[in-house]
Amino acid sequence: MENKKGISRTELIALIVSSCIGTGIFGITTNVAAAAAPGPALLAWLFVGIGILFLVLSLNNLSNKRPDLKAGIFSYAGAGFGPLGEFISGWSYWLSAWLGNIAFATMLMSSLGTFIPMFKGGQNLASIIVAIIFCWILTLLVNQGVESASFINSIGTVFKVIPLVLFIILMIIGFKGGLFTADFWGHVANNMSKGTTTGSVWEQIKGTMMTLIWVFIGVEGASVMSHRAKNRSQAEQATIIGFILLVLIYVMISILPYGHLSRAALAAGGQPALGSVLEAVVGHWGAVMINVGLIISTIISWLSWTMLPAETTMLVADDKAMPKVWGKVNAKGAPTTSLMITGVLQTIFLFSLLFTQQAYEFAYSLAAAAILFSYLLVGLYQMKYSAENQEWGQFTVGLIASIFQLICMVLAGWSQVLLVSISFIPGFIIYWQNCKEQNHKMSGAEKTVIILVLLLSILAIYFVANGTIAIS
């Protein structure tokens with residue numbers, strides 16, 4: 001087996017866990033409790049965990065089998081389905097990344113509201129103005145190449161992990177089994193369950209899916225880092241171990257609070273949820289500890305994810321699936337045009353949060369819905385590549401990964417997926433410009449896909465207009 005100087009298995013596991021854990025975990029208890037009781041929530045984790053596991057296995061396999069595809073997740077879509085496939089994957093990932101930054105902004109301002117009352121709730125005018133200032137400071141820093149300072153991410157990792165470990169320890173201490181099992185399946189509807197979903201187990205599971213997918217965004221980073229491991233065996237082991245650790249951390253963070261507070265109290269806790277839970281359990285110092293860690297963690301994560309949307313369009317443009325202006329870099333190696341476009345869009349979207357009652361939930365659900373397109377194309381290419389090479393075990397892995405993404409799209413996030421389709425109206429104009437630039441004549445299949453997506457976008461606009469899809 002080939003051995004080389006590279007990242008060790010332990011280091012790779014740490015990178016995988018750190019890249020996935022962001023602000024989502026700090027808000028997960030409220031979001032999960034509003035949608036599901038403990039029993040359905042555990043089943044939701046099992047369902048989503050299996051789906052994400054098969055996505056990870058697909059990414060791992062393709063990373064090993066197609067190391068020539070330098071743009072990774074986007075190149076897989078291009079190799080399987082041509083430039084339009086790569087554009088759809090890249091556009092969806094780009095959209096998900098900067099919408100995720102909107103969620104960062106609302107969570108950051110909510111955290112600051114613990115110390116500065118004028119920012120309480122995170123979506124009033126003062127919060128939005130400060131969030132916009134943060135957005136542009138980070139955009140300009142990234143434009144100067146600051147994102148390359150690895151020590152910044154190291155600091156962020158410490159401030160992510162320490163509060164979470166302390167939270168888990170405090171939740172284990174004094175855990176009340178009777179409270180945890182009082183309404184384990186969420187069938188009891190009374191005055192104490194206000195603000196929560198009651199009824200069928202399946203409805204509760206569906207209600208949690210987009211929340212759970214949101215906290216797994218970034219898991220694709222494992223496949224990107226695999227080629228830097230000392231050998232392939234260690235990379236594959238690290239990918240699976242890192243994934244298992246993430247699931248354990250997420251499950252403990254979201255499930256243990258049911259043994260301390262009623263489900264209704266958890267659902268009504270507001271954001272950041274972990275701070276609200278600890279304040280109720282141990283007093284104000286718990287909220288202070290969580291929020292200090294969250295503020296630092298969010299700013300550092302936001303810095304990294306400010307670069308990600310621009311990095312995405314740069315990779316796709318390098319593969320000639322987007323106009324080359326989106327990949328143009330400055331003397332510092334940063335894609336300035338893409339950064340500026342993304343910054344302007346984030347500014348506009350932040351102002352729209354004045355009219356949205358649950359800004360954080362709205363932003364992260366759209367981010368999760370957008371990335372489903374990219375993940376689906378990974379599963380489909382895993383199926384196509386495996387079938388061409390008669391690797392039927394790997395074909396099954398891709399099939400399960402694809403079915404999972406489709407289930408999430410159709411059953412759990414159909415309204416968000418329709419809203420995301422609206423973004424392809426300007427997106428396909430950009431793709432048309434790229435076709436002219438590359439002298440690429442669109443095939444009949446490409447035109448059919450474009451027409452179908454545009455029809456979905458028209459349907460989405462109609463549903464928003466008549467109130468079927470609510471965005472407030």
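Colleague: Is Arg66 buried or exposed?
Modeller: The model is predicted: local features need pLDDT of at least 70, side-chain atom pairs count only at pLDDT 80 or more, and totals for chains, interfaces and linings use all residues. Residues are numbered from 1 along each chain as its sequence is written, and side-chain values use heavy atoms, leaving out hydrogens and water. The limits are under 20% relative accessible area for buried and over 50% for exposed, with partly exposed in between (1.4 Å probe, protein chains only). Because its relative accessible area is 19%, Arg66 is buried.

Colleague: Which residue meets the side chain of Arg66 in a salt bridge?
Modeller: A salt bridge needs a side-chain nitrogen of Lys or Arg within 4 Å of a carboxyl oxygen of Asp or Glu. The partner of Arg66 lies at 2.7 Å, N to O.

Colleague: How many residues apart are Glu391 and Lys65?
Modeller: Their side chains meet in a salt bridge of 3.0 Å, N to O, one of 3 in the structure. Glu391 is partly exposed at 25%, and Lys65 is partly exposed at 33%. Glu391 belongs to the loop between H15 and helix H16 (392–412), whereas Lys65 belongs to helix H3 (residues 38–65); helices (H or I, at least four residues) are DSSP runs numbered from the N terminus. The pair thus links distant parts of the chain, and the separation is 326 residues.

Colleague: What is the angle between the ring planes of Phe424 and Phe428?
Modeller: Rings of Phe, Tyr and Trp (its six-membered ring) pair if their centres lie within 6.5 Å; planes under 30 degrees apart are stacked, over 60 edge-to-face and the rest tilted. The structure has 29 aromatic pairs; in one of them, Tyr381 and Tyr385 are tilted at 6.0 Å and 50 degrees. Phe424 and Phe428, 4 residues apart in helix H18 (residues 424–438), are buried at 2% and 6%. Their pair is also tilted, with centres 5.4 Å apart and planes at 35 degrees.

Colleague: What distance separates the C-alpha atoms of Thr139 and Thr336?
Modeller: Thr139 is found in helix H5 (residues 125–143) and is buried, at 1% relative accessibility. Residues up to four places away in sequence aside, Thr139 touches Thr306, Leu339 and Met340. Thr139 and Thr336 are 197 residues apart along the chain, and their C-alpha atoms are separated by 9.2 Å.

Key: Helix = DSSP H or I, 4+ residues; strand = E, 2+ residues; numbered from the N terminus. Contact = heavy atoms within 4.5 Å.
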